[in-house]
Amino acid sequence: MTQGSDDSLAHGLGLTRRTLLQRGGTGLVVVTGSGWLAACGGGSSSSSGSGTQANTGKPVRGGTLRLGGSGGGETDTLDGQNALTNTDFARAYALFEPLTQVDSKGVVRPVLAESLEPNKDATQWTIRLRQNAKSHDGKPYEAADLLYSLRRIQSKKYPGAVSFGPIDLKAAKVMDARTLRIPFNKPYAVFDEGLALVQSVMVPRGFDPKKPIGTGPFKFVSFTPGRESTFERFDEYWDSPKPYLDKLVITNFSDETSQVNALQSGQVDAIDYLSSTSVAAAKSAGGQVIVSKTGAWGPITMRVDKAPFSDVRVRQALRLVVDRPQMNEQVYGGLGTTANDVFGIFDPLFFKGLPKRERDIEQAKSLLKAAGQSDLQLPLITTPNAPGQIQAAQVFATQAKDAGVRTKITNQQPSTYFANSYLKVPFSQDYWPYQPYLVAAGQATVKGAPFSATHQADPQYDKLYQQAIREVDEGKRGELVKEMLQFDYDKGGNIIPYNFPVIDAVAANVKGVKPGVSGVALNGFDWKNFWVES
């Protein structure tokens with residue numbers, strides 16, 4: 001059950017798996033022109049020196065915020081339900097809203113929905129929309145719009161449909177202007193979690209992506225794919241007095257150096273998805289660098305249906321060759337956190353009792369010998385689709401040598417990688433934002449999952465998953481999740497050495513920026529809570 005009030009909600013998010021770029025908090029580190037100021041959990045810290053924090057002060061209205069966004073291209077879209085790139089996501093959260101989102105601590109909370117209630121056995125959900133929600137044309141956003149939006153996602157087979165579960169939208173019923181009742185063919189206890197995806201943003205009836213109308217804090221003004229988009233404040237936004245900004249401009253940047261140069265020159269006010277090597281250059285602009293520790297994960301993926309990874313001893317051995325603190329230090333300058341080959345770490349049902357995975361070269365050699373793979377040679381296919389990914393592959397190759405494993409890295413351009421290698425090759429890398437555990441499992445690790453790089457199809461694991469998504473008792477569901485996590489830890493096809501950090505930088509006069517666990521820039525592109533001081 002998910003209920004909420006009209007209070008401000010932090011814009012973290014749990015994303016579905018996008019086809020191209022995967023980018024990536026509770027810890028926050030603020031850097032200003034005077035150096036490192038603070039580092040603490042939960043998003044609060046005190047300032048000192050000459051800098052000011054990006055998350056303090058009294059909001060003021062007015063002004064323009066210019067984002068120098070990482071990535072994007074000619075395929076950029078204004079259809080938030082089919083968003084692919086980082087700049088697509090930035091636009092989607094300006095124009096539209098999902099029914100629910102993951103907040104800065106990883107908890108699923110309502111956004112456009114006022115409440116979401118299952119019946120006793122979760123075979124039916126009732127969604128109640130916010131009373132004051134309006135589309136940008138001034139019309140109330142109603143249950144009929146919601147039903148249209150859900151059906152659009154499903155009929156077009158957009159990414160958000162993956163997490164709708166066994167939904168029966170043909171039998172859904174509009175109860176009144178604000179209420180929609182949806183039956184399910186089987187119990188589905190995690191529908192509210194499944195809706196917390198960027199591609200599950202809602203649109204009104206008759207939506208035209210060429211002239212996009214949503215319920216988000218900003219209205220469409222102009223758009224040039226691969227270059228720039230402009231939005232203006234929506235004065236009838238339900239969460240008054242937000243948004244504070246008059247205008248939002250999102251400009252695509254193809255490389256990190258150009259982003260940093262643009263911030264230094266005053267061409268933009270915010271930049272996103274930086275590597276740790278850009279921290280010094282970004283802070284020299286006199287602004288603030290914000291480093292969020294996240295639940296996002298960067299797995300090295302092993303296809304369990306292909307040799308040698310079909311032997312669980314090989315998978316276990318390769319997890320043991322990784323020196324996780326060293327990888328975090330060498331790839332992310334120590335700003336990430338070491339991981340334990342499992343995901344969903346901020347889920348309230350996450351089991352924290354798994355032993356910390358330590359490097360053990362002798363045990364790795366023993367397992368490889370027992371599997372007949374003492375002279376293992378591995379082709380690792382990777383692509384620069386996320387900060388640190390190539391470096392992580394290189395560090396893995398170096399560390400694996402100590403166990404006699406020789407790794408040949410092939411670095412493909414993203415267009416080639418996603419056309420020829422993604423979800424196909426035996427040994428590769430992937431990049432995921434934070435999502436609740438069962439949402440991510442449904443996309444990545446169960447049989448037939450649409451984005452399964454491991455091609456896992458374990459009957460016992462799948463049985464646990466089916467039981468878990470139907471279980472309305474959270475205590476019992478937690479026990480099922482615990483068993484699934486134990487399987488991931490012991491037998492899964494993912495090597496997950498770290499949870500990657502998100503590094504963003506903003507000008508000194510940009511305020512309202514807070515951390516979140518999502519692994520998405522600027523606290524999930526929390527546009528409505530940002531303001532600029534003159």
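Helices α12 (residues 459-470) and α13 (residues 474-491) have axes that come within 9 Å and cross at roughly 155 degrees. The axes here are lines fitted to C-alpha atoms, for helices over the stretch in contact, with angles running from 0 to 180 degrees between N-to-C directions. That angle makes α12 roughly antiparallel to α13; angles under 35 degrees count as roughly parallel, over 145 as roughly antiparallel, 65 to 115 as roughly perpendicular and the rest as oblique. The crossing of α12 and α13 is left-handed, a label used if the near helix is turned anticlockwise from the far one by less than a right angle (right-handed if clockwise). On the α12 side the contact is made by Tyr461, Leu464, Tyr465, Gln467 and Ala468, and on the α13 side by Arg477, Leu480, Glu483, Met484, Phe487 and Asp488. Sorted by class, the contact of α12 with α13 has seven nonpolar, one polar and three charged residues. For that sorting, Ala, Val, Leu, Ile, Met, Phe, Trp, Tyr, Cys and Pro count as nonpolar, Asp, Glu, Lys and Arg as charged, and the others, Gly among them, as polar.

A word on the ground rules. This is a predicted model in which local features need pLDDT of at least 70 and side-chain atom pairs count only at pLDDT 80 or more, while totals for chains, interfaces and linings use all residues. Residues are numbered from 1 along each chain as its sequence is written, and side-chain values use heavy atoms, with hydrogens and water left out. Helices (H or I, at least four residues) and strands (E, at least two) are DSSP runs, numbered from the N terminus, and contact means heavy atoms within 4.5 Å.

Helix α13 also meets α6. The axes of α6 and α13 come within 8 Å and cross at roughly 85 degrees, so α6 and α13 are roughly perpendicular to each other. Val312, Arg315, Gln316 and Arg319 in α6 touch Asp488, Tyr489, Asp490 and Lys491 in α13. By class, this contact of α6 with α13 has two nonpolar, one polar and five charged residues.

Helix α6 (residues 312-320) has another partner in α8 (residues 361-370): the two pack at an angle of about 160 degrees, with their axes 8 Å apart. Therefore α6 and α8 are roughly antiparallel to each other, and their crossing is left-handed. Arg313, Val314, Gln316, Ala317 and Leu320 in α6 meet Gln363, Ala364, Leu367, Leu368 and Ala370 in α8. These residues of the contact of α6 with α8 divide into seven nonpolar, two polar and one charged.

On to the strands, which pair if DSSP finds at least two bridges between them. Strands β20 (residues 377-382) and β21 (residues 406-411) pair in the parallel sense over six bridges, and Leu378 stands opposite Thr407 in β21. With helix α9 (residues 389-400), β20 and β21 make a right-handed β-α-β unit; the crossover is right-handed if, with the strands pointing away from the viewer, the path from the first strand over the helix to the second runs clockwise.

Strand β11 (residues 179-183) takes part in two antiparallel pairings. Five bridges join β11 to the antiparallel strand β9 (residues 124-129), where Gln124 stands opposite Pro183 in β11. Three bridges join β11 to β10 (residues 173-176), again running antiparallel, and Asp176 has Thr179 in β11 as its bridge partner. Strands β10 and β11 form a hairpin with two residues between them.

A cis peptide bond joins Lys242 and Pro243, with omega about -5 degrees; Pro243 sits in the loop between β14 (228-233) and β15 (247-253). Another cis peptide bond joins Ala307 and Pro308, with omega about 5 degrees, and Pro308 lies in the loop between β18 (300-302) and α6. Asp341 has a positive phi of about 70 degrees although it is not a glycine, and is found in the loop between β19 (337-338) and α8.

Finally, there is Ser276, placed in the loop between β16 (270-271) and α5 (279-283). Leaving aside residues up to four places away in sequence, Ser276 touches Val331, Tyr332, Gly333, Leu335 and Ile503. The C-alpha atoms of Ser276 and Pro387 are separated by 9.0 Å, with the two residues 111 residues apart along the chain.
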